Amino acid sequence: MKWKGKDLFDQACRALGLRESWFFGLQYSIKGMNTWLKMDKKVLDQEIPKEDPIRFCFLAKFYPEKVEEELLQEITQHLFFLQVKKQILDEEIYCSPEATILLASYAVQAKYGDYDPNLHKPGFLAPEELLPKRVLRQYQMTPDMWEERITAWYAGHRGIARYEAEMNYLKIAQDLEMYGVNYFPIAQKKNCTDFLLGVDAKGIHVYSINNRFSPNKSFEWSSIRNISYSEKELTIKPIDKKAEVFKFFSSQPKVNKQIMQLFIGNHDLFMRRRRVDPIEIQQMKAQAREEKARKKMEHQRLAREKQLREEAERAKEELERRLFEVEDKARQANEALRRSEAAAELLAEKAQIAEEEAKLLAQNAAEAEQERHRLEMAALKTKEEKLLMEHKMREAELIAMKLVKESDRRAKEAEHLKQDLQEARNAEEKARQKLQDVGKLNPPSNAAKGTQPSSADARDACPDKVSIKLDLRDIDLKRLSLEIERERLDYLDKSRKFEDRLKELKSEIHALKVEERHAGFLSHWSEVLGSLGRSSGKMCKTPLWMNPFEVDLLDSLQQPFVPCPLNGTNGSLPRTPAEKPSFETDALAASNVGTGIRKHIKVTELGDLLHFLVQIVSFLPAALLGCLCAILTEIFTQNLVRRIRAQIPMECDTISN
């Protein structure tokens, strides 16, 4: 079966469902040159490559002037979109970087539909070829950055259908300078290449070798009267006879034939656009309009359905979200209820514990109030005792002053007594000397006078009497001296005991002062705590570090002060501070022994005096304490001297007699 080129082309058009077949052709490559299959010749008679299978490319051979008006079928539009896109990516059509990004966004919209961030994750455009390599090399940007730019434009095309996106792509592409232009190298002289010949839907253009954007010379189809060629030479004759005829040469005769076919096809389409459309074309346009209207309505319906579905999904998501929130709130409410129940139980337990603690605190408050009252009473007693001690100290100072004066007076009396004693001794020596002299003179007189026996007997009896009296006096003096020595030793012993007792009393009084200070400190704290308790209505407990002091103070305050008795022989208790000390002494008891007189000296009430001094000695300074001891010694000595002085004149009178 020998098919012509038109038969094969029609078969391809029927397979694609294409009715606008005048824009397309079958292209094959032989010896490195692209050639279009001739429709009026048999396929096998043409210079096709000898291979099995033979590869033909179904491509657009002619381009429309306005794609929106001339491209009626959607398949025609889609085939043009694919071919123009491939030419831009292969850099057969130059496009600026900004325009390539916009065209790429429409290509993505045509392929993927509306942008959905849930479906179109970053990196979904990585396998796609959307930008020319020249643009990628021109800017130092990563694929992610290019994808971000394209996605930004792509997101703005929401709601555009696929055929609309492809049409917008072609509208932008048809304004490019190299859109729909077929370039061929030509020369005005043989065997050289000076220019490029460009053929498109608007006319013929002549370009320089290095510039395919701006033509040096253009011939529109409406201004061309005739085009002829002979072998390698082509001639373009304008309608204007005055215009210059343009002649040029191509490299091969086959190229001239191909150029001539493009001239004829583009010119025919140019003339066809300016004539009334045949009935077939009118029907196709009507069907295309109806199809576009139907698709538009369907697209709108789909858009409404999609919008309704999206709204329903959003409403569903909102309801699910609200349901989740309600469930979450219910769960939180249940948890809060459980927590509140647990808190209520805990609060009830705490309330019970607080009530018990309140009762315990009330009891402690009552006990503390009683203790505070007791401490106040103890403080009052301490103050009274302190006042009494101060009064006693003043009395002791007065007594000490009196004792100092009395000590001075007694010292003078003792001096006089010593002088009197010395005089008495001197008189005694004189009397003894006289007695001895008298004793020596009496024996001769008695021998001479024998006539007077009665008077001599009487004088003999007188010396015996005097010697007896002298012997008695010596004995009394010795006994008196022994008694004085014994009394002095007793006094010294009692003085030592008195000093020891004074030291003990001083230590006891110091301890009492310390306890009194603790008692005052605790009473001050008690008053402060009592005022705080009355102001706040709450019970304040005594700090734990004060408990030992408080217990010792209470024990010391509860025990009355009982000084130890100085005179342990009689077993009598010491006198109370209210009793006045007595300084009286008993009179000397004298008894006659034989012909002499024995005098007994006894000091009484000394324990009362010492007891009184013990009570006031704690308030006296150290100087007064030493003075007091000296005074007591002096009083005892002077008392003995006074009794001796009262006794010596009696003995002297006896001796003199």
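Angles under 35 degrees count as roughly parallel, over 145 as roughly antiparallel, 65 to 115 as roughly perpendicular, and the rest as oblique. This is a predicted model, in which local features need pLDDT of at least 70 and side-chain atom pairs count only at pLDDT 80 or more, while totals for chains, interfaces and linings use all residues. Residues are numbered from 1 along each chain as its sequence is written, and side-chain values use heavy atoms, with hydrogens and water left out.

Helices are DSSP runs (H or I, at least four residues) numbered from the N terminus; axes are lines fitted to C-alpha atoms over the stretch in contact, with angles from 0 to 180 degrees between N-to-C directions.

| Helix pair | Axes come within | Crossing angle |
|---|---|---|
| Helix 4 (residues 97–112) and helix 7 (residues 162–173) | 8 Å | roughly 160° |
| Helix 3 (residues 74–89) and helix 7 | 9 Å | roughly 50° |

Helix 3 is therefore oblique to helix 7, whereas helix 4 and helix 7 are roughly antiparallel to each other.

Contact means heavy atoms within 4.5 Å. Among the residues that meet across the pair of helix 4 and helix 7 are Leu102, Leu103 and Tyr106 in helix 4 and Ala165, Tyr169 and Ile172 in helix 7. From helix 3, residues including Phe80, Phe81, Val84 and Ile88 meet residues of helix 7 that include Tyr163, Met167 and Leu170.

Leaving aside its neighbours within four places in sequence, Ile204 is in contact with residues that include Leu197, Phe219, Trp221 and Phe263.

How values were computed:
Helices (H or I, at least four residues) and strands (E, at least two) are DSSP runs, numbered from the N terminus.
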